[in-house]
Amino acid sequence: MNPSTALARVLVDELARLGLTEAVIAPGSRSTPLALALVADTRIRTHVRIDERSASFLAVGLARASRRPVALVCTSGTAAANFHPAVLEADQSGVSLIVLTADRPPELRGTGANQTVNQIGLYGSAVRFFAEVGVPEREAGMVAYWRSLVCRAWAAAQANKPGPVHLNLAFREPLVPEPGGQPWPEPVTGRPDGKPWITVDLQRNEPEPVELPWVERGVIVCGDGDYDPIPLLALSAQTGWPLLAEPTSNARRAEALSSYRQLLAVPEFVAAHEPELVVSVGRPGLSRQLLAYLRRAPRHVVVGDPVAFADPVRTATDVVGAVTAPPSATPDTAWAASWAAAEAAARAAADRLLDSDETLSELRLARDLAAHLPAGSLLFAGASMPIRDLDAVMRPRCGLRLIGNRGVSGIDGTVSTAVGAALAHQADGGGEAFALLGDLALLHDQNGLLLGPDEPCPNLTIVVVNNDGGGIFSELEQAGHPDFERVFGTPHGVAVEQVAATAGLPYTRVEWATDLPKALIGDGLRLVEVRTDRAASARLRRALQEAVAAAVR
């Protein structure tokens with residue numbers, strides 16, 4: 001067995017012993033030993049993508065939805081650099097990736113050798129752990145080194161604050177197994193009975209809840225994150241404090257408010273609803289109104305990791321691991337009744353406006369899509385307007401898991417992330433999967449639609465809002481600039497039907513709201529297009545805000 005093959009086989013075997021079940025490979029020559037070892041291991045489901053950026057975001061989706069580490073493999077050079085956006089997203093959103101970059105050996109670095117760049121510490125502080133593994137040598141002691149290193153990286157990807165880890169592996173030729181090669185100088189097998197080389201206890205102790213003081217005018221804010229929302233819903237039920245839940249918090253259930261985005265944009269409402277205490281969990285940041293409201297509370301209790309808690313406007317006064325309601329709490333307060341009345345009035349005003357036109361607007365699409373999806377579904381929300389429209393109009397409901405790339409909120413790899421999330425969701429016994437994306441997000445990651453004939457394919461319906469450009473900029477200050485359309489609007493003129501045809505995927509266009517439920521029925525990977533007008537959508541969002549303001553004043 002040659003050294004490159006030995007390292008790859010030992011590394012993959014140890015990862016499988018630790019529990020790795022999914023790996024994504026971006027093909028290349030220098031990574032050949034890793035690719036061959038992965039596809040030969042029946043304990044690991046492998047996925048192959050021709051584009052490194054697509055491959056890396058596929059891994060993000062797999063890891064995010066499964067809540068388990070996923071291995072990601074590429075060759076040397078720019079291939080490793082193309083993983084960087086996904087590594088940044090995984091870092092900020094706490095997604096466990098095992099990034100395995102193949103590299104040229106040291107004697108080729110700095111010589112002008114082909115496909116050779118400095119990959120040492122390539123991802124900087126975005127990874128929880130980095131190791132330059134070193135060139136494998138035919139020496140005793142290598143197996144213990146490799147297996148223990150893998151165990152250390154595996155633990156680092158999940159302990160405390162989960163995230164990506166990076167092992168840089170320099171391979172010398174030959175890169176493929178050689179028939180009749182020399183035996184390895186020591187056994188390459190691992191621990192008996194399939195156990196990992198090092199068993200690390202990754203169980204986290206539940207923090208002791210901190211009893212909150214009783215105040216009537218409390219508010220609970222649930223931002224993006226993968227946490228259990230049940231304690232926050234219970235806190236709201238016990239205290240009557242309104243629960244303002246972003247969609248990817250998965251706390252928009254029961255009596256959570258769905259209209260807080262519009263309510264907090266009404267100055268009179270905010271002035272009459274000054275909070276005494278705000279409790280936040282996750283990463284709030286979808287709306288300027290909510291961030292501004294956090295500044296109004298004299299006390300802001302953040303529930304989270306004391307080392308890595310979210311405090312985007314720096315208003316936190318306390319950071320705790322968990323909270324509980326005070327024994328004296330009661331939900332029957334004038335404060336709770338006032339918020340409930342405002343929510344009812346705002347919800348009714350919003351529904352009247354959206355139901356007044358059967359043509360599918362961007363807002364009505366977001367509301368109706370979230371409402372129509374069957375229980376057990378997964379919904380991936382694209383950045384920019386899709387997630388914000390869901391935030392604005394999605395009614396509270398149970399039985400729907402909603403995720404998105406909210407770590408860095410980039411446009412990168414959204415199709416690939418949705419595909420990965422759907423694959424993991426369905427591998428774990430979940431139901432149907434859907435994605436709500438903008439046209440630019442689709443075009444930015446068209447390669448994510450290209451699945452080879454031997455690749456696992458999810459049941460995923462991608463609903464694309466096609467407004468021929470960057471819709472979010474129509475909501476911002478840039479909208480009035482004379483060069484707006486070219487520089488920010490960026491019309492492209494690409495038909496989604498053509499994109500579907502290029503990828504060989506089924507395509508449906510929907511215009512009327514009544515046709516949406518039927519369009520969502522289907523198998524495999526498919527595209528559903530809804531065409532809208534950016535200017536009209538901006539006017540509708542302003543009209544929604546005006547209708548809510550009028551209803552609650």
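Me: In what order do the strands of the open sheet of 6 strands stand?
Reply: The strands are DSSP runs (E, at least two residues), numbered from the N terminus. Two strands pair if DSSP finds at least two bridges between them. In the open sheet the pairing is parallel, and the order of the 6 strands is S15-S14-S16-S17-S19-S18.

Me: At what pLDDT do side-chain atom pairs count in this predicted model?
Reply: Residues are numbered from 1 along each chain as its sequence is written, and side-chain values use heavy atoms, with hydrogens and water left out. The model is predicted: totals for chains, interfaces and linings use all residues, local features need pLDDT of at least 70, and side-chain atom pairs count only at pLDDT 80 or more.

Me: Which strands form the edges of the open sheet?
Reply: The sheet has the order S15-S14-S16-S17-S19-S18. An edge strand pairs on one side only, which applies to strand S15 (400-403) and strand S18 (507-509).

Me: Which residue of S19 is the bridge partner of Ile-462?
Reply: Strands of a sheet pair through backbone hydrogen bonds, either parallel or antiparallel. Strand S17 (residues 460-466) and strand S19 (residues 525-531) pair in the parallel sense, over 7 bridges. The bridge partner of Ile-462 in S19 is Leu-527.

Me: At about what angle does helix H12 run to S17?
Reply: Helices are DSSP runs (H or I, at least four residues). Axes are lines fitted to C-alpha atoms, for helices over the stretch in contact, and angles run from 0 to 180 degrees between N-to-C directions. Helix H12 (residues 362-372) lies across strand S14 (377-381), S15, strand S16 (433-438), S17 and S19, and its angle to S17 is about 165°.

Me: Which strands does helix H13 lie across?
Reply: Helix H13 covers residues 385-393 and runs at about 110° to S16. The strands it lies across are S14, S15 and S16.

Me: How many nonpolar residues take part in the contact of H12 with H13?
Reply: Contact means heavy atoms within 4.5 Å, and the axes of these two helices come within 8 Å. The contact is made by Glu-362, Leu-363, Ala-366, Arg-367 and Ala-370 of H12 together with Asp-389, Leu-390, Ala-392 and Val-393 of H13. Ala, Val, Leu, Ile, Met, Phe, Trp, Tyr, Cys and Pro count as nonpolar, Asp, Glu, Lys and Arg as charged, and the others, Gly among them, as polar. The residues of this contact include no polar and 3 charged ones, and the nonpolar ones number 6.

Me: Is Leu-363 buried or exposed?
Reply: Leu-363 lies in helix H12. Beyond four places in sequence, its contacts include Asp-389, Ala-392, Val-393 and Leu-540. Buried means under 20% relative accessible area, exposed over 50% and partly exposed in between (1.4 Å probe, protein chains only). Because its relative accessibility is 2%, Leu-363 counts as buried.

Me: Is Arg-67 buried or exposed?
Reply: Arg-67 is found in the loop between H3 and strand S3 (70-74). Although Arg-67 is not a glycine, its phi is positive, about 60°. Because its relative accessible area is 52%, Arg-67 is exposed.

Me: Which residue does a cis peptide bond join to Glu-173?
Reply: The bond has an omega of about 5°.
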